[in-house]
Every structure is written in C-alpha cells, then in structure tokens.
Amino acid sequence: MNGAAVLKAEELSFGYRNAERLVLDGLSFDMGPGGIVALVGANGAGKTTLLRLLSGLFEPRSGRIERFGKALRAKRADFADNARVGALVAAPLCWRSLRVAEWLEAFADLSGAPRAACAERRADLLRRFDLDPRARVSVLSAGNLQKLHVVRALQHAPELLLLDEPTSALDPASRREFWSVLREEADRGSAVLVSSHQLDELDRSVSRALLLKGGRIARELAGDSARPWRVVAAAPEEEVARALGALWNRAAAHSGADGLTRADWPDDVPRNPVLAKLVEAGIPVAEMRPLALSEMWGDLL
Amino acid sequence: MKRLVLLEWREISRDLRSWLVALLPVFLFSFARTLAPADQGSAAAFHELVDFGLAALALEVALAIDCVAWQRDRGELELLLLLPLSPARILGAKLAAILVPTFLLEAVQLLWALLLRSALADSVPSASAGDVVRAAAFLFAATLAAAVWSARIALSGRTLRNASAKLLVWTIFLIGVAKSALLLFPDRFWAIVAVLLAFSAAGFRSLLGCWNRPERWLVR
C-alpha cells in the first residue's frame, strides 16, 4: 500500500439489484497524489460503477474504500470530504433556469470553496473551454454540457478528480485543452482517475493505466518504462530471426503485408542488443518504440 | 441551506402546473361556497375550512412531489449527492422548497375562505380564531405527513409513472384517513395532530434511509 494514498480500494465487490453477476468482484488498487491514472475497459466492464462507488454515490457490497486516509463509510457519512473531490460521474442537469456562471457559482458556494479563488479559476476554465457564462444551462449542447460539468468538477481545485469519460462529447480542440488542464491539475498535486475509450489520448497524458476486466484490475501499466517495446524491421520474419538468434521471440512477432516485421519485446529484455544485432546484419530498422496503449490492450477491449 | 432551498424553489416554481393546480381549489371553493347554504355554525365552519384545504393540498403535494420524481428520473438528484452536504440537509432543502410554498398557498386559501364566509354569512356565527388555528394545525400536520411519505414513495418508485400514481393515491388515502379520524374523534384533535407529526417523523427517517442508499433508487 502507498502510505500517502489519496484513494484506496480494497477487495471491492458490487452488483446491481436483480443482476445475476457482480460488476466488480474483489477489485483493489490505490493511487497517490499528483498523477493521472487511466481506467480502461470495455463497455459494461464496471468503470462507471467503480467511479460511482469511489464518489460515494453507491455503497459496495463488500470491501473498503479510503479517501484521504479515511474510510468512506457506509451511508455516505463522509459527505464533508466531497469538498475535496471533483467528480464527473453523471451529466444530468439540475437548476435548469440558471445561466452557466450562476449554475457553477451555486455549486461552488454549496461546496464551501473560497469564493475569490474559485471565481478566478472558473473564469479561466470557462475561457479555456470557450463556454459562454451567460448562456442558459438548459439550452447547452451535449458538448457544452460536458464542458460545464468539467468546469464544475475542477473549479474548486479538488485534491481528487474522478472523471467518467469526460471527453466523449468534446470537439478535438476542447479535448486538447481538457488534457492540458488535467496535466496542470496533476502537476498541482491532484490525484486524477479518468475513464475513457480514447486510448491514444490517454497514452499521451496518463502516468498509469488500469485495465478493468471481469470485475477486477486485469492489467496494470505504470509509465513508459514498464511497457513492452516494438521493433519494426524492413525484412522478412526469417531474416530477422537469423539476425536475432536467441533473442528472437517468434510468438511475439509477425510480418505484415507491407513487408515489415514487427516484434514486441518485454520491458526486461535489453533493447540495445536487439538494435545492435539488426544493424550488424544490415537490416534496416524502421522504428523502435514502446507499445501504444491501444496496441497493448486493444484486443482485450 | 437557504441557498439550496431558494435554488430548489426556483425550479419548482417554474413549473406552471404547480400554480394552476394550487389556484384551482381556491376557485372551486369560491364556486362551492356560493352554492352552499350559509347558516352553519362554528364546528361546521371548521370542517369546511379543512375539507377545502385538504382537497387543495392533496393535489399540491402530489404535484410537488412529482417534481422530485422527475428529478430522480432525470438523474438530477445524483448531482446534488456529490456536494459536501449531508443528505439530510439536501433532502430538507427539497422538502422545504416544496412545503413552504404549499403552506403559503394553504394560508391564502384559508384567508380566502374566511373572507368569503364573512362576506356571505354576516348573519351567522363565523369561524372563530380557535377554529382557524385548529384548521391550520391540522392542514400543516396532514401536509407534512403526506409530503414526506409521498417523497419516500416517489424515490422508491421504479418508474416515474408508477411513482406518480402511487403517491397521488397515497396522498389522498392518508388525508382521507386523517379526516376520518378527526370526524370519529373530534375531542382528540391534538392527539390526531400529534400522530400525524409522529408519522411525518417516521416518514422522514425512512426517506433519509432510502436517500442514503442511492443505488437503490438511482439505478433502474
């Protein structure tokens, strides 16, 4: 366990009423401050359910959740700690008659956030997401509604961010801005847990990724260093095999229709000897890089 | 808390149906009172006030709680649960937003009834101040009980239509029982009011229990 864990889940189990199977079954993980952790999984894998449990909306059937070193007790008794959390786990709209700025201000005030600091952050976020503060919330498009909820979750400078598919309705420019904001939040020391199906976006920003499958964390990946590497060589598979000899792992390699051979290497295998042998054999190396998240987990999703 | 009550009230008051249904009993009362004979005594005046008040509040409570059912079905309640406020405070604000206007409208209806009575029946004994206080106390207790239990039913209903139908039937049933008890035991007036208030407290406790387990009512 991480001693300074901001969020910790232990053996969490949860199933919906009248459902045959558990959505989460003995799931455990923890996360400390100052990082972006991605939650990845197929539809129905339990990402949203997990985020709702961690937000305190749902109560686990068994297991334990700790936020800021305190148990998230049954019956939502730790509601005061919600002020330290920014959660985007649902995007419904209440108080529909309000304008964007009023709506956000109401949430900030009810969160007990310092007014001046919060107003400054809100103004900055509204500008960055190009959201009109005078627009009525009831007429916002799906994308703008999502931006509204992103600003709501971020405006009070939370220590923990729980975000469920926060970019699903955003345009490309807003997505870039979102990830930029999120990296700033992580740099500020916030712990960020974000679920998404946009693996390429996650790949560029997250410090750790969790693959949710079968109700638990099936795979975990921390940073570039732990990733397998891929070498792309401009030669047939047999030729590459001859050059690499004992290093060659045929099971992890395949030749494509483009005539290139791709081979994946576990992180613990030194990369330099692979490169040296290929160069020595006169085989052009087109590319050598860590695997992308989509290449590693795409099939599992 | 005040901010939350005002925000909730702003939402509820935007629903024009609330105003239409709240005003309807006033007109009904005016019409009925014009037709009714004016030679009634003080006790009859009391029951008259209560009867028309109850008809009004049955509709008002059902309608106001219907707003909560709508909010639940649209997922709006979930958003409020993310706030660092106790569930009791959030729930209290919602109930206050529903009940305060209802009580105000009840007061308007009582005043209207008294005005009409004095205008139409100058020659007969009008309702005494005690009758009005008793009528107001009974209406307050019955409204509270109906609202709290209706909100409980609205939250636990599996679908909006189901919840709305249930809570309307429940409100009318509860008010009918309360009025029957009043007719059967007129000398136990304050005991009946106390039972209604205790019933409200039990309802609030149950409502809080339901509210505290949102997975029971958020997930359909």
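Predicted model: local features only at pLDDT ≥ 70, side-chain atom pairs only at ≥ 80, totals over all residues.

Let's begin where the chains meet. How many salt bridges cross the interface of chain B and chain A? The rule finds 2. Here is one to look for. Arg52(A) and Glu78(B) join their side chains in a salt bridge, at 3.1 Å from N to O. Why can such a pair form at all? Side chains of opposite charge can pair when their charged atoms come close.

Now polar contacts. Between chain B and chain A, the count is 6 residue pairs, both partners at pLDDT 80 or more. So which parts of chain B face chain A? Three helices each supply at least two residues to that side: α1 (2-13), α4 (76-80) and α9 (214-218) of chain B. Of everything there, α1(B) gives the most, with 6 residues. Sort the touching side of chain B by class, and you get 13 nonpolar, 3 polar and 12 charged residues.

Step back to the whole interface. On chain B, 28 residues are in contact with 36 residues of chain A. The area buried between them is about 3,000 Å². Carbon and sulfur atoms give 61% of that.

Next, turn to chain A. Find the open sheet of 6 strands. Read across it and the order is β6-β7-β8-β3-β9-β10, with mixed pairing. At the edges sit β6 (85-88) and β10 (216-222) of chain A, each pairing on one side only. From one strand to the next, the twist averages 15°.

Zoom in on one pair in this sheet. Strand β7 of chain A, residues 160-164, and strand β8 of chain A, residues 191-195, are parallel and share 5 bridges. Look for Leu160(A): opposite, in β8(A), stands Ala191(A).

Helix α1 of chain A, residues 47-55, lies across β3 (35-40), β6, β7, β8 and β9 (208-213) of chain A. The angle of α1(A) to β7(A) is about 150°. Helix α5 of chain A, residues 172-188, lies across β3, β7 and β8 of chain A. The angle of α5(A) to β3(A) is about 125°.

Stay with chain A for another open sheet, this one of 4 strands. The order is β12-β13-β11-β14, and the pairing is antiparallel. Its edge strands are β12 (253-255) and β14 (285-290) of chain A. Ignoring direction, neighbouring strands here are turned by 15° against each other on average.

Which strand do 5 bridges join to β14(A)? It is β11 of chain A, residues 229-233, and the two run antiparallel. Within that pair, Arg230(A) has Arg289(A) in β14(A) as its bridge partner.

Two helices pack on this sheet. Helix α7 of chain A, residues 237-244, touches β11, β12 and β13 (261-265) of chain A, and its direction makes about 40° with that of β13(A). Helix α8 of chain A, residues 271-280, touches β11, β13 and β14 of chain A. The direction of α8(A) makes about 175° with that of β14(A).

Last stop: salt bridges again, now over all chains. The structure holds 22. Take Glu184(A) and Arg128(A), whose closest N and O atoms are 2.8 Å apart. What does this pair tie together? Glu184(A) lies in helix α5 of chain A and Arg128(A) in helix α3 (residues 115-128) of chain A, so the pair links parts 56 residues apart in sequence.

That's my tour. Over to you for questions.

Key. Residues numbered from 1 in each chain as written. Chains lettered and ligands numbered in written order. Heavy atoms only, no water. Contact = heavy atoms within 4.5 Å. Buried area = accessible area lost by both parts, 1.4 Å probe. Salt bridge = Lys/Arg side-chain N within 4 Å of Asp/Glu carboxyl O. Polar contact = N/O pair within 3.5 Å; in protein donor to acceptor, adjacent residues only side chain to side chain. Nonpolar A, V, L, I, M, F, W, Y, C, P; charged D, E, K, R; others polar. Pairing = 2+ DSSP bridges. Axes fitted to C-alpha atoms, helices over the stretch in contact; angles between N-to-C directions.
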